[in-house]
Amino acid sequence: MLSNASGAAAAGGRRPDVPAPGSASDDVIVDVRNAHYGVPTRQIFKGLDIKVRKGRITAIMGPSGTGKTTLLRLITGLISPSHGNVVVWGNDLATLDRQGMYALRKRMGMLFQNGALLTDLDVYENVAFPLREHTDLPEPLIRTIVLTKLHAVGLRGAAYLMPSELSGGMARRVALARAIVMDPEVLIYDEPFVGLDPISLGVILRLIRQMNEGLGITSIVVSHDVKELATIAHDSYLMYDGKVAASGTPNELAASDGEVVKQFMMGGADGPVAFHYPAPDYRQDLLGGGS
Amino acid sequence: MSAVAQDNVLIGAIRKLGKVTLFLVSVLAQCGPALARPRLVIHQIYNAGARSLIIIMLSGLFVGMVLALTGIDLLARFGSEDVLGVAAALGLLKELGPVVTALLFAGRAGTSLTSEIGLMRATDQLVAMEVMAIDPMRYVAAPRFLGGIIAMPLLVAIFDIVGLFGAQLVGVQQMGVNAGTFWSQTQGAVHLDDVWEGIVKSLTFGFACTLIAVYEGYNATPTAEGVGLATTRTVVASAVLTLILDYFLTAAFL
């Protein structure tokens, strides 16, 4: 059975080791309530409701351009909704000052779609960067932590390469090492599987699962890789037209009869999600001679 | 231009001025913490200063040589070739040194600052810092701002020295002005006030050019075209502002 975000409780298919969503309100870490947000050209969110629960892997899916990355910016307080609230660890982000926001962000880690590595620092310094900025740890300890994290993503040997010398997949893995170097409570992944070879993809999947199961890190994964997400996510949200079109476990979404969900999960060209950007009639356009 | 369009231009200019002022306040607020980590500032002095040295020295040399050539032509008409050193020294210290260095600085270091920060914006590096709870104003903007302001007077001093050497090269070695006269006249006529004027101008131009470069980079549209346009705006605005400021500073020092 599928439900919308406000009633995300669902039945079968859940992992037994984590509580089911909706079982307790105090385990909600991120609560997006009726969020509206727009840019001058269009309205991106029209009343979005999403809950992320402690210790779970929550997948945010949706067609391109539905605002998945924008949602992550809302959750990290980089942008504010024009209407509605974003509550993280019980704090309404709109009420926080800069210090409060930074205190909150120190408990989060984020993996950017392109890695967003600092191009003037090598791999080692990129991973060490948050440690140097936020702690007074001695250099030997920083070195140990950095090498441990780099080893976890399989790039200890690339510690002294510059970001320009890395492939896209390697850059993403370095960014993941940087994201986890402060041992965050919540990890946010923006399209972590894009452009990865099967081996790197498997490693990233394994890492996300390990960090969730081993360290209890809550994960928010934005992606449209349905197959990959189905193997790791506890909860899933499918965004469409500025709202949550469906939520539940990946299996529930896969079994859904909803047209949007079916089209998205099956990758169909025909359905409510238009493949073509709005345009005049094709025949008229071709025969019109550019007039 | 219609009255409405004029109003829009005026409102746009005032809005931009307000944004730059707010940006300046934010940067100044982070200058203290940035100075507490001198490694970052020294790195930026190297980037803005040391990497501009060759172009500054080469330009200074030729500006000094041209100054001597035109100067001796003019002075010879009045039989005053002896004061060539004074004319060259005062011209360089008070005017050409700060202004030409500022224009070169805007073209070399200013564009580099804007494109570097703009590219950091376009590749989400600034956002990544924000998400890591690290203020990019403190880590990126303030050290570059301080680096530019510190580098400019040093570059102007080097420009002046090399320019004077160039003037001496043409005036004394080529045109036959007496070397003793050249240097003694210069020593006697150049006062500390003249040097002070050059220092004030170089600091002011350094402040203005670096502020524009860092502001434009920080607020660049995060696309290739956006960074390109921001870089162009840096050069144009820095050059125009340098010349306007120069007029007012020169008038103030008269």
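## A loop residue of chain B

B:Met175 is found in the loop that lies between H6 and helix H7 (179-189) of chain B, in a model that is predicted. Because 16 other C-beta atoms lie within 10 Å of its own, B:Met175 is partly exposed, a class that falls between the buried residues, with 20 or more such atoms, and the exposed ones, with 12 or fewer.

When residues up to four places away in sequence are not counted, B:Met175 touches B:Ile72 and B:Val170.

In chain A, four strands form an open sheet in the order S2-S1-S4-S5, and the pairing is antiparallel. S2 and S5 of chain A stand at the edges, and each has a single partner strand, so one side of each is left without a neighbour in the sheet.

Strand S1 (residues 28-39) and strand S2 (residues 42-53) of chain A pair in the antiparallel sense over nine bridges, and they form a hairpin with two residues between them. Within this pair, A:Val39 stands opposite A:Arg42 of S2(A). Helix H1 (residues 68-75) of chain A lies across S1, S2 and S4 of chain A, and runs at about 120° to S1(A).

## Two loop residues with positive phi

A:Trp89 belongs to the loop between strand S4 (83-88) and strand S5 (91-92) of chain A, and its phi is near 50°, a positive value in a residue other than glycine. A:Trp89 counts as partly exposed because it has 15 C-beta neighbours inside 10 Å.

A:Glu191 also has a positive phi, near 45°, and is likewise a residue other than glycine. The loop that holds A:Glu191 runs between strand S7 (186-190) and helix H6 (198-215) of chain A. With 19 C-beta neighbours inside 10 Å, A:Glu191 counts as partly exposed, because a residue is buried only if 20 or more other C-beta atoms lie within that distance.

In soluble globular proteins, nonpolar side chains tend to be buried together. The largest nonpolar core of this model has 134 residues, and those that touch the most other members are A:Ile188, A:Val221, A:Leu238 and B:Val214. Helix H6 (residues 136-174) of chain B gives the most to this core, with 17 residues.

The surroundings of A:Val221 can be followed residue by residue. Leaving aside residues up to four places away in sequence, A:Val221 touches A:Ile57, A:Ala59, A:Ile60, A:Tyr189, A:Pro192, A:Ile208, A:Leu229 and A:Ala233.

## Where the chains meet

The contact between the two chains involves 13 residues of chain A and ten residues of chain B. On the side of chain A that touches chain B, helix H2 (98-105) and helix H3 (123-134) of chain A each supply at least two residues. Sorted by class, that side of chain A has seven nonpolar, three polar and three charged residues.

Note on methods: Residues numbered from 1 in each chain as written. Chains lettered and ligands numbered in written order. Predicted model: local features only at pLDDT ≥ 70, side-chain atom pairs only at ≥ 80, totals over all residues. Contact = placed C-beta atoms within 7 Å. Nonpolar A, V, L, I, M, F, W, Y, C, P; charged D, E, K, R; others polar. Pairing = 2+ DSSP bridges. Core = buried A, V, L, I, M, F, W, Y, C linked by C-beta atoms within 7 Å. Axes fitted to C-alpha atoms, helices over the stretch in contact; angles between N-to-C directions.
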